[in-house]
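Colleague: Hi! I'm new to this one, could you walk me through it? Let's bring it up on the screen.

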Amino acid sequence: MSVHPNNFLALEPHLVARVRAAVADLAPAVFVLTVADLADVREAAQRVPAVHVIWNGFKVDEVNGAGTKARLAHTWLAVAAVRNVADTRSGGAARQEAGELLARAGGALMGFQPPGAVKPLRLAPAPRSWASAGFLYVPMAFIAETLFSN
């Protein structure tokens with residue numbers, strides 16, 4: 001099956017492959033997961049350490065006069081997900097582990113131009129980190145520009 005040029009999620013396998021390569025040498029093994037991988041997984045049963053690659057919507061940057069072509073800015077998140085019980089009082093060990101994952105994932109994605117994107121990925125403001133049930137989630141955001149046409 002061929003990929004339609006307007007497919008919003010066509011970049012996903014390229015981003016996942018790039019992040020997987022960036023964390024391949026880490027021990028313990030780092031899981032690189034998508035929304036499909038995380039569907040129906042209870043938080044307590046999730047695989048960690050992990051980097052979640054998630055499409056987070058788009059905005060329209062430009063539309064031609066006829067309304068038949070648009071340049072879109074998609075936001076993709078690379079979210080480090082860790083559970084590290086060392087130093088639970090300050091959470092420093094978990095933050096360091098998440099920071100290492102983002103250093104690798106972010107370095108691999110920043111400036112990468114996946115097939116289907118019209119420019120290399122660029123950093124963007126990301127949501128704040130959050131903690132839940134002993135897990136820490138730290139996101140980085142990237143903008144991928146694509147063209148959409150009828």
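Modeller: Happy to! Let's start with the largest pocket: about 160 Å³ of space lies in it. A pocket here is found on a 1 Å grid over the protein atoms alone, as an open set of points where a 1.4 Å probe fits, with protein on both sides within 12 Å along at least five of seven lines. Grid points are joined across faces, edges and corners, and the volume is the space filled by probe spheres set on the points.

Colleague: Which elements give two or more residues to its lining?

Modeller: Those are strand 3 (69-82) and strand 6 (135-149). Strand 6 gives the most, with 3 residues. Strands are DSSP runs of E, at least two residues, and helices are runs of H or I, at least four, numbered from the N terminus.

Colleague: And how many residues line the largest pocket?

Modeller: There are 16, and His4, Pro5, Asn7, Ala10 and Gly116 lie nearest its centre. A lining residue has an atom within 4 Å of a pocket point.

Colleague: What classes are in that lining?

Modeller: It has 9 nonpolar and 7 polar residues, and no charged ones. Ala, Val, Leu, Ile, Met, Phe, Trp, Tyr, Cys and Pro count as nonpolar, Asp, Glu, Lys and Arg as charged, and the others, Gly among them, as polar.

Colleague: Before I go on, where do these values come from?

Modeller: This is a predicted model, in which local features need pLDDT of at least 70, side-chain atom pairs count only at pLDDT 80 or more, and totals for chains, interfaces and linings use all residues. Residues are numbered from 1 along each chain as its sequence is written, and side-chain values use heavy atoms, with hydrogens and water left out.

Colleague: What does the chain average for pLDDT?

Modeller: The average is 91, and 93% of the residues score at least 70. pLDDT is the predictor's confidence in each residue, from 0 to 100.

Colleague: Let's zoom out. How many helices and strands are there?

Modeller: The chain has 3 helices and 6 strands. Along the sequence they follow the pattern α-β-α-β-β-α-β-β-β. The C-alpha atoms fill a box of roughly 60 × 30 × 30 Å along the principal axes.

Colleague: What share of the chain counts as buried?

Modeller: Of the 150 residues, 37% do. Buried means under 20% relative accessible area, exposed over 50%, and partly exposed in between, using a 1.4 Å probe and protein chains only.

Colleague: Back to strand 3. What about histidine 74, is it buried or exposed?

Modeller: Histidine 74, in strand 3, counts as buried because its relative accessibility is 1%. Its side chain makes polar contacts with the side chains of tryptophan 55 (3.1 Å) and threonine 146 (2.8 Å). A polar contact is a pair of N or O atoms within 3.5 Å; within protein, one must be able to donate a hydrogen and the other to accept it, and residues adjacent in sequence count only if both atoms are side-chain atoms.

Colleague: Which residues is histidine 74 in contact with, leaving aside neighbours within four places in sequence?

Modeller: Among them are Phe8, Gly57, Phe58 and Ala144. Contact means heavy atoms within 4.5 Å.

Colleague: Where is phenylalanine 112?

Modeller: Phenylalanine 112 is in the loop between helix 3 (92-109) and strand 4 (122-124). At 15% relative accessibility, phenylalanine 112 counts as buried. Not counting residues up to four places away in sequence, phenylalanine 112 touches His14, Leu15, Arg18, Pro120 and Leu121.

Colleague: New topic: which residues does a cis peptide bond join?

Modeller: One joins alanine 27 and proline 28, with omega about 0°. Another joins valine 48 and proline 49, with omega about -5°. Proline 28 lies in the loop between helix 1 and strand 1 (31-33), and proline 49 in the loop between helix 2 (35-38) and strand 2 (50-63).

Colleague: And what is phi of aspartate 40?

Modeller: Phi of aspartate 40 is near 65°, a positive value in a residue other than glycine. Most residues other than glycine have a negative phi, and most peptide bonds are trans. Aspartate 40 is exposed, with a relative accessible area of 83%.
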